[in-house]
Amino acid sequence: MKKHGTWILAAVLLATPLLAQENTPELLAWWMFNEEDGGTTLLDWSGNEFNAGILAPEQVWRVVDPVIGTALWFDGTTVLDDPLMGGGYVVAEELADQLFEPMFSVAAWICPESLPPYAPVLTKVTDTETWADGFGLYIEETGKLGAFVNGYDGHVMLGGDGRVNAWTHLCLTFDGTTAKFYVNGQLRSSAEPGSSAVVNAAPVCIGTLAGWETWAWHGAIADARVYASALSAADVTALFSSSPASLVADSDGDGMPDVWELRFGLNPLNPNDASQIRHASDGFTNLQKYRLGMNPLKAAVVSTTPLLKVYTPMEK
C-alpha cells in the first residue's frame, strides 16, 4: 500500500460516471476504477459489460488523486509468489473474443512513479514476454513513451520522454492501415503495420504483465478506454481536454501546461519557450506571465507608482 504523497485509498469513490460519454457508439470498454465496494471487479462504464478483474489485489490499489480523481496504483513489484502465467495483474478476459479490426483505439492517463523498462499501460498480446503480436501502450527501455501495433518488432512508435509523478495522456489509434500515437492530445508518431495487425485471442491487460518474465508498471493509471473505431485527431484532442488532468499536463516539463501553451501559440514540446521574453518593455518571461495569470501575447503595463509606501513615526 502506498502511504505517502498524494495518493489515498479510495474509501469513498465517485459514484456517477460521465454520462455524456457513456453511450458513445464506438466506445467498446471504459474503466474508471471508481467502484464503491473496493472488490477485485473493475466495472465497464461503456454499457457493454466488459468488466476487468484485479488478479493481484495485494499489488494493485484503487486510489483517489486530487488532480484526476479515481485511479489504479501499481506497486511496481516484479516478483510474485504465484506468477500469473500468460496474463497481467488487471485483465479484461471477455475482450479476448472481440475482433480489433479493421480499426480500433485505446487510451489512458498515466502517472508513473518510476520508469521500469518496458512498463506496460494497455496491452493485448499473446506472448506477454516478447509482444510478438497485438498492440500496446508502454514505457520504452530508454524511458520514452511508446506504442506498437502488430507486435513490438518493427512497428514501435515513440512519443517523447516519460515524466515521473506527472499526469500524461496516451492514445493509440489504428484505421486499418495507419497507426498513430498521440501524447497529451498531440500526434507524436505513426506507422503502417498492416491490415491484420491485432488478430489474436489475448485479453486486454491494464498495467503490469506477468509471465516467465514480469514487465512491471509502477505508479497510477486512470480513465482507460478501448474504442471500436479509429479516433480522429479532433476526437483525441477532445478526449484529452475533457479530463481535469489536461489542466496540469505538461509534456516538456517547463512549468506551463500544454493547454495554456497551445492557447497562446507556444510550443508544448519546447521547454525553452518558458524563459522567452516577448515584450522587452515589461521584461516578463512566458512562465512568469503564466504564473501571474497574464496574457503572454500582450505587453504588461508596468506601473512606476510604488505599490506600498511605509510611513515612519518621523514622517508628517
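Trainee: What share of the contacts with a separation of 6 or more joins residues 24 or more positions apart?

Mentor: A contact means heavy atoms within 4.5 Å. In this chain, 57% of the contacts with a separation of 6 or more are between residues 24 or more positions apart. Keep in mind that this is a predicted model, where local features need pLDDT of at least 70, side-chain atom pairs count only at pLDDT 80 or more, and totals for chains, interfaces and linings use all residues. Residues are numbered from 1 along each chain as its sequence is written, and side-chain values use heavy atoms, with hydrogens and water left out.

Trainee: How many helices and strands does the chain have?

Mentor: Helices (H or I, at least four residues) and strands (E, at least two) are DSSP runs, numbered from the N terminus. The chain has 4 helices and 17 strands.

Trainee: What is the order of the strands in the open sheet?

Mentor: Strands of a sheet pair through backbone hydrogen bonds, either parallel or antiparallel. Two strands count as paired if DSSP finds at least two bridges between them. Here the open sheet has 8 strands in the order S3-S4-S7-S16-S9-S10-S11-S12, and the pairing is antiparallel. Strands S3 (41-42) and S12 (156-161) are at the edges with a single partner strand each, so one side of each has no neighbour in the sheet. Inside that order, S9 (residues 119-124) and S10 (residues 135-139) are joined by 5 bridges, and Pro120 has Tyr138 in S10 as its bridge partner.

Trainee: How many residues of strand S6 are buried?

Mentor: Buried means under 20% relative accessible area, exposed means over 50%, and partly exposed lies in between (1.4 Å probe, protein chains only). In strand S6 (residues 69-75), 6 of the 7 residues are buried, so the strand is largely enclosed by the rest of the structure. Strand S5 (residues 60-65) runs antiparallel to S6 with 6 bridges, and the two form a hairpin with 3 residues between them. Across that pair, Arg62 is opposite Leu72. S6 also pairs with strand S17 (residues 218-227), antiparallel again, through 4 bridges; there Phe74 faces Gly219.

Trainee: Which residues of helix H2 are buried?

Mentor: Look at helix H2 (residues 233-241), where Val236, Leu239 and Phe240 are buried. Down the axis of H2, these buried residues fall within an arc of 100 degrees (taken from the directions from the helix axis to the C-beta atoms), so they line one face of the helix.

Trainee: Which residues touch the most other members of the largest nonpolar core?

Mentor: A nonpolar core is a set of buried Ala, Val, Leu, Ile, Met, Phe, Trp, Tyr and Cys residues joined through side-chain atoms within 4.5 Å. The largest one has 46 residues, and Trp31 and Leu172 touch the most other members. Strand S8 (residues 104-112) gives the most to this core, with 4 residues. Another core of 12 residues lies apart from it, including Val63, Ile68, Trp73 and Trp167.

Trainee: Is Asn286 buried or exposed?

Mentor: Asn286 is buried, at 1% relative accessibility. This residue is found in helix H4 (residues 286-292). Leaving aside residues up to four places away in sequence, Asn286 touches Met256, Trp260, Leu266, Asp273, Ala274, Gln276, Arg278 and Pro296.

Trainee: How many disulfides does the structure hold?

Mentor: A disulfide is a pair of cysteine sulfur atoms within 2.5 Å. The structure holds 0 disulfides. Cys111 is buried with a relative accessible area of 8%, and Cys205 is buried with 4%.
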